[in-house]
Amino acid sequence: MTTTEDQQGRSLLNESNAPTRYAQRSVGPFSLAAIWFAMAIQVAIFIAAGQLTASFQVWQVIVAIAAGCTIAVVVVFFTQSAAIRWGINFTVAARMPFGIRGSLIPIVVKALLSLFWFGFQTWLGALALDEITRILTGFSNLTLWVLIFGAVQVVTTFYGISFIRWMNIFAAPVLLAMGVFMVYLMLDGAGVTLREVMIMGGETPGLPFSTAVMIFVGGWIAVVVSIHDIVKECKVAPTQPGEGRAKSDAKYAAAQWWGMVPASVIFGFIGAASMVLVGEWNPVFAITKVVGEVSVPMAILFQVFVLLATWSTNPAANLLSPAYTLCSTFPRVFSFKTGVIVSGAVGLLMMPWQFADTLNSFLNILASALGPLAGIMITDYFLVRRGRVSLQDLYRTKGIYTYWHGFNWVALAVYVVALALAFLTPDLMFITGLAAAVALHYPAMRWVAKRFPLFSEAESANEDYLLEQEGRELTTHQ
């Protein structure tokens, strides 16, 4: 690294977007499973499952949840690999296929979708807070609670994934126990058995089952595509041959399946059962209706449950990535903390709770919008570059990821075409978009390779950088 800044271009490196060195990593498989478990206990799954009972019986909804989440983990196996190996976040990883500046287009699309979720889940948590104060004091001001709860989550995110991990390890078992108890109360109150509940629902069939599966893929796709922001903290041996990396990827993917799928199924079942037994897909109102009739203090406790479920999910799943996007894309304007604040404000200003009644339609569209993005990033890393990365070039404006003035128009064109093809198959939009991107990106990049270098001698410095101790100056120039 002896070339001048004129030759290398401007540095894009700052403390927030720098690769996570081996010595800085603190997340193992158990911790990663705990993070996913707490994220999976989210009210959005409760709502999506409840709304699907109009077309499907409860057991069919559960199968759709398990299938959709498993598909999401299969995609995670591939999207996580670059982050675990090189410690880079999503915004930086997107520079490989799309270019230093071109990456801004897909990551802004992804960030806006994440912020939609942040605002939506903040509204649900605020709704629980409003219900608690209404029951205790008669005071009700939903807007005030949206602002307060949003601010609390912003502060939580300041502490990054390490703090969120410890909060989730505490919250996950509590949330599970309360969820199971709520199911017991609903069954007992309605006087039905678990088996009888399983065959309830499906009064207005017609929605394809594949659409139901895609809805639950869509529920996780924003996190799956940008999983880099979480797994870049995963512990990995400094130097591993190719076989070792595959084993490490499989270990962390398995941990994520155990964290995501069982919890999603349990919480989705609670939502579906709530809809067929008491006619409520909103968990806050369902708790008041089901638990409030048994015990008011217990109803308050369960509203705290909704609050905890949202608080333990939202920062890691929906606010962390947009914040990294801002501070990585505009390192001279945003620090990590200012990125979190601005992202949180945008998420609330979007007021996504206006779309609560059509949540499942939004989830299906979300899956279709991000499927091509996942397909391009997977193809580019595994097939085009065969796992090779130049960390130095990822953090400078002049390098192998510059393409045409910072834009890889070919990859962006592939994204648009794959997205258009996805909308031709409304019942399988995510699968179609992902498959089209994989099929188109590899031959397209072979054409690009005739005009631009795809590999760099600077790759040889990657391992030295990752092995350096924390505290050394973070710069791509020496």
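Which helix holds Glu463? Glu463 sits in helix H22, residues 462–467. Helices here (H or I, at least four residues) and strands (E, at least two) are DSSP runs, numbered from the N terminus. Before going on, a word on the model: it is predicted, so to speak of local features pLDDT has to be at least 70, side-chain atom pairs count only at pLDDT 80 or more, and totals for chains, interfaces and linings use all residues. Residue numbers start from 1 along each chain as its sequence is written, and side-chain values use heavy atoms, with hydrogens and water left out.

## The overall picture

The protein chain has 22 helices and 0 strands. Along its principal axes, the C-alpha trace spans about 75 × 45 × 40 Å. The radius of gyration, taken over C-alpha atoms, is 23 Å, which agrees with the value near 23 Å for a compact globule of 478 residues. That globule rule is 2.2 Å times the number of residues to the power 0.38.

Buried residues make up 60% of the 478 in the protein chain. Buried means under 20% relative accessible area, exposed means over 50%, and partly exposed is in between (1.4 Å probe, protein chains only). The accessible surface of the protein chain comes to about 18,200 Å², and carbon and sulfur atoms own 67% of that. Those areas come from the Shrake-Rupley method with a 1.4 Å probe; for residues, only the protein chains shown count as cover.

As for contacts (heavy atoms within 4.5 Å), take those in the protein chain with a separation of 6 or more: 87% of them are between residues 24 or more positions apart.

## Salt bridges

The structure holds 5 salt bridges. The term stands for a side-chain nitrogen of Lys or Arg within 4 Å of a carboxyl oxygen of Asp or Glu.

Arg85 lies in helix H5 (residues 81–86) and Glu463 in helix H22, so the pair ties together parts that are 378 residues apart in sequence. Arg85 counts as buried at 7% relative accessibility, and Glu463 is buried too, at 17%.

Asp380 is buried, with a relative accessible area of 1%, and Arg385 is buried at 0%.

Arg388 is partly exposed at 36%, whereas Glu459 is buried at 16%.

## A buried alanine

Ala40 belongs to helix H2 (residues 29–40) and is buried, with a relative accessible area of 0%. Ala40 and Ala263 are 223 residues apart in sequence, yet 5.7 Å apart in space, C-alpha to C-alpha. Setting aside neighbours within four places in sequence, Ala40 is in contact with residues including Trp220, Met260, Ala263 and Phe267.

Val108, Leu112, Val342, Val346 and Met350 make a nonpolar surface patch of about 330 Å². Helix H8 (104–137) and helix H17 (336–349) are the elements that give two or more residues to the nonpolar patch. Patches are made of residues with over 30% relative accessible area and no salt bridge: like charges are joined within 9 Å, nonpolar side chains (Val, Leu, Ile, Met, Phe, Trp, Tyr) within 5 Å. Met350 lies in the loop between H17 and helix H18 (359–384) and is partly exposed at 33%.

Met351 lies in the loop between H17 and H18 as well. Its phi is near 45°, a positive value in a residue other than glycine. Most residues other than glycine have a negative phi. Met351 counts as partly exposed, at 40% relative accessibility.

Tyr403 also has a positive phi, about 50°, although it is not a glycine. Tyr403 is found in the loop between helix H19 (391–394) and helix H20 (409–422), and at 7% relative accessibility Tyr403 counts as buried.
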